[in-house]
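These are my notebook entries on a single chain. I set down each item as I looked it up.

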Amino acid sequence: MRRVRPLLPWVVWGIAALAYAIAIINRSSLSALGPAAQEHFGIDATTLAAFPVIQLVVYAGLQIPVGMLLDRFGATVLILTGGVLMTLGQVVMATVADVRLAILARVLVGAGDACIFISVMRLLPEWFAIRQLPTVSQLTGLIGQAGQLISVVPLALAVGTFGWTAGFNGIAATAFFVSLVAFFVVRDRPGQGSAFERLTGRLGRLSRTARSLATPPATGVVTVGPPATEMIAAHPIEGMRPLRFWAKARRLLSLPGVRLSYWVHFTSPFAVNVFLLLWGMPFLTGGVGLDPSAARGLLTLTVLSSMFAGLVLGPLSSRFIERRVWINVGITLAIALTWVAIIVWPGPPPLWLVIVLLVVMPLGGPASMIAFEVSRSHTPRSFIGFGTGLINTAGFTASLLTILLVGLVLDLQGAGSPEHYSLGAFKVAFAVQIPFWALGLTMIFIEQRRTRRWMERHGRTLR
Ligand SMILES: N[C@@H](Cc1c[nH]cn1)C(=O)NCC(=O)O
């Protein structure tokens, strides 16, 4: 039984969540600095748009490899690796004048960012009881969103006041500092030392006494089916060869619950990602006709709405565990319907409808965290890094494809640059989201039924 010792799990989680907030600051550090970046590197809008796309490709492409490394080396090592890569990336960003090196900098930032979120998610089940996980996961997302807020206004102000080099070196220094704290504080699981303790070979008293917090001892991993109720504690068994990539992927994807979580993550977050990563500002200014400062102010709404939803959705999905997928589906439908209303509205949408969009659309971020809850209920523990990485690629693949398709459809209409933007062209372009929702929702319905049947067959229930 777990002995109550509340502080250490929260301290470990707090620093890990802070590292995630730093990752989000790094990820979105160019979002409010588009014009400054164009001026600094002397680039056009197309080259500027390549920055978030390349970063997202690197991020999404590394999710599964990072997940595999996570299962092998543990969350602490990956969080530190991510911190170092982002620090390097931002130092390069701060100091180079050549746009090709700046793109390399974004690759480093994307790679570092890719290491953080799934590592933080991997720590949670080691440190918290199952019933706490939905809430702590949502709190993690919420802290990440705070990072988004910082990258919008304070970072733009810092770069405006102190200049490009000092601003980006400042982000690098923050990432480095948080990584340094993580080096001393973050531990993969109760009873294991921090990276510092493991390097020096001396396990401190705090780490030793935290052993009592650990979950029950490991059982067979690779050969047992996944639990529906809680994860199998499964540190690799001596002498057992770990499964290779395809074997792991096949094993995981043969489980309907894992496929269900993939589609849950695919369907809910892409609309808000597309909006915040690239097309939101152009749509609000070049399409709806708002002035840039009003548009920036309205964009802040998205972050606040997402943070609020994070607070509510954790307890809700933990209380209604059997209905958590339907909570996600309800939110996705609300997002899709709001977008359809904007698209079919004759002429410019009224401000209230734009505000509804900016409040409803970000709910997709916290709603997508439900995918990780579903995945945790169905993934054997020794695969959990791989599984989390796989699930996390879903929403980001959908986001990336939609970002590219919106740009393509704008181009096809001859409305691909700010001087040619028009509301009509944006409405057609944003309609590319509809097939993504249709595909995702259909697959959720299919896999939800398969998962229910699978659980009945195996006599499993959700707890
Ligand atoms: N859906 C997001 C997380 C989120 C939580 N609240 C708002 N957004 C997600 O999957 N994040 C992965 C990442 O790396 O940020």
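Domain bounds, as I use them here, come from an automatic or database domain assignment. The model is predicted: I required pLDDT of at least 70 for local features and 80 or more for side-chain atom pairs, whereas totals for chains, interfaces and linings use all residues. I number residues from 1 along each chain as its sequence is written.

Entry 1, domains. I looked up the assignment and found domain 1 (1-200) and domain 2 (246-456). Their centres, taken over C-alpha atoms, are separated by 22 Å. I counted 34 residues of domain 1 and 39 residues of domain 2 in the contact, where two residues are in contact if their C-beta atoms, placed from the backbone, lie within 7 Å. On the side of domain 1 that touches domain 2, α3 (45-73), α5 (99-127) and α6 (133-152) each supply at least two residues. Helices here are DSSP runs (H or I, at least four residues), numbered from the N terminus. The most comes from α3, with 15 residues. By class, I noted 22 nonpolar, nine polar and three charged residues on that side of domain 1. For these classes, Ala, Val, Leu, Ile, Met, Phe, Trp, Tyr, Cys and Pro count as nonpolar, Asp, Glu, Lys and Arg as charged, and the others, Gly among them, as polar.

Which residues are closest to the ligand? I found F117, G141, G365, P366 and S368, in a shell of 13 residues; a residue is near the ligand if its C-beta atom, placed from the backbone, lies within 6 Å of it. The shell draws at least two residues from each of α6, α14, α17 (364-378) and α18 (384-412), and α17 gives the most, with four. I recorded four nonpolar, nine polar and no charged residues in this shell. Both domain 1 and domain 2 give residues to the shell, so it lies between them.

I took a nonpolar core as a set of buried Ala, Val, Leu, Ile, Met, Phe, Trp, Tyr and Cys residues joined through C-beta atoms within 7 Å. A residue is buried if 20 or more other C-beta atoms lie within 10 Å of its own, exposed if 12 or fewer, and partly exposed in between. The largest core has 116 residues, of which A16, A19, Y20, I79, V120 and V274 touch the most other members. Helix α5 gives the most to this core, with 15 residues. Because domain 1 and domain 2 both give residues to this core, it lies between them. Setting aside neighbours within four places in sequence, I found V120 in contact with A16, A17, A19, Y20 and T140.

I located S318 in helix α14 (residues 292-319). Is S318 buried or partly exposed? S318 is partly exposed, because 19 other C-beta atoms lie within 10 Å. Not counting residues up to four places away in sequence, S318 touches R131, P134 and T135. I also noted L133, 185 residues from S318 in sequence but 8.0 Å from it in space, C-alpha to C-alpha.

I checked the 25 residues of α20 (residues 433-457) and found a reach of 36 Å from first to last C-alpha, close to the 36 Å expected at 1.5 Å a residue. The expected span is 1.5 Å times one less than the number of residues. Buried residues of α20 include F436, W437, I444 and W454. The buried residues of α20 pack against α12 (256-267), α13 (270-287), α15, α18 and α19 (423-430). After α20 comes G459, whose phi is positive, near 65 degrees.
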